[in-house]
Amino acid sequence: MSSITEDQKSAIISLLREGVFEREQIASQLGVPPNVVRSIKAHYTMGTYDKMASSVSESETEEIIDAVEASFGLERDLQIALRANIQQLERGLEIADDGKEHQTDAGRIDILAKDKSGTVVVIELKAGTAKPEALTQLLSYMGTVDSGGQPVRGILIAGEFHPRVVYAARAIGNVQLIRYRFNFAFEAVAA
């Protein structure tokens, strides 16, 4: 993990608040890796920095960045595995985003698909427990997708779900919650 200074962290947050530059531009401008900016942006978006005292130590900042990077890594791995095995999720489901996250006004959709009847399906992946914000994120993505006036379905995939997510999803007929599980395989590597 690259170490960043408090000044760099403050500058990243300031540039994110301005909303003028993309992650890569901020990273280049401040001489930090893009994944550091992505991690701080994730916490900024979740309001973490508004809740934290301004005197967060460098080691605490690095812990936050490490945790977010681990989360992003798991979500990335989930996405790769699901894209390779989309039929495991639902028979007849097909990827409809040319193999990459679909950009919308609300953000990037993890996976955009179509079901066997041609209905657009927005799939959002969350590492660990999906909090209420995850359902809001999914619904905002669903609202931005151009489906030609047809209904849009949403699938939220996570390790666990906050009870409020479960209750809210019951009231939304076109949203499905799916829990993922790990199945590890081990192979010996010649030394």
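Glutamate 124 is located in strand S5, where strands (E, at least two residues) and helices (H or I, at least four) are DSSP runs numbered from the N terminus. The model is a predicted one, in which local features need pLDDT of at least 70 and side-chain atom pairs count only at pLDDT 80 or more, whereas totals for chains, interfaces and linings use all residues. Residues are numbered from 1 along each chain as its sequence is written, and side-chain values use heavy atoms, with hydrogens and water left out.

With a relative accessible area of 2%, glutamate 124 is buried (buried, under 20% relative accessible area; exposed, over 50%; partly exposed in between; 1.4 Å probe, protein chains only). When residues up to four places away in sequence are not counted, glutamate 124 touches Arg108, Asp110, Gln137, Leu138, Tyr141, Ile155, Leu156 and Ile157, contact being defined by heavy atoms within 4.5 Å.

S5 belongs to an open sheet of five strands with mixed pairing and the order S1-S4-S5-S6-S7; two strands pair if DSSP finds at least two bridges between them. The edge strands, S1 (94-95) and S7, each pair on one side only. Strand S4 (residues 111-114) is joined to S5 by four bridges in the antiparallel sense, and alanine 113 has valine 121 in S5 as its bridge partner. Five residues lie between the strands in the hairpin of S4 and S5, where glycine 118 takes a positive phi near 90°. With S6, S5 pairs in the parallel sense over nine bridges; here the bridge partner of lysine 126 is alanine 158 in S6. S6 and S7 also run parallel, joined by five bridges, and isoleucine 157 stands opposite isoleucine 178 in S7.

Helix H7 packs on the sheet, touching S5, S6 and S7, and its direction makes about 165° with that of S5. This angle is taken between N-to-C directions on a scale from 0 to 180 degrees, with axes fitted as lines to C-alpha atoms, for helices over the stretch in contact. The 13 residues of H7 (residues 132-144) should span 18 Å at 1.5 Å a residue, and the end C-alpha atoms are 19 Å apart, which agrees; the expected span is 1.5 Å times one less than the number of residues.

Within H7, Ala134, Leu135, Leu138, Tyr141 and Met142 are buried. These residues are on the same side of H7 because they cover an arc of only 125° around the axis, the arc being that of the directions from the helix axis to the C-beta atoms. The face turned away from this buried side carries the exposed residues Glu133, Thr136 and Gly143. Packing partners of the buried residues of H7 include strand S2 (102-104), strand S3 (107-109) and helix H8 (163-171).

A nonpolar core is a set of buried Ala, Val, Leu, Ile, Met, Phe, Trp, Tyr and Cys residues joined through side-chain atoms within 4.5 Å. The largest such core holds 18 residues, of which Val122, Leu138 and Leu156 touch the most other members. Two or more residues of this core come from each of S5, H7, S6 and H8, and H7 gives the most, with five residues. Apart from this core lies another, of 15 residues, among them Leu78, Leu82, Ile178 and Tyr180. Leucine 138 touches Val122, Glu124, Gly154, Ile155, Leu156 and Val175, not counting residues up to four places away in sequence.
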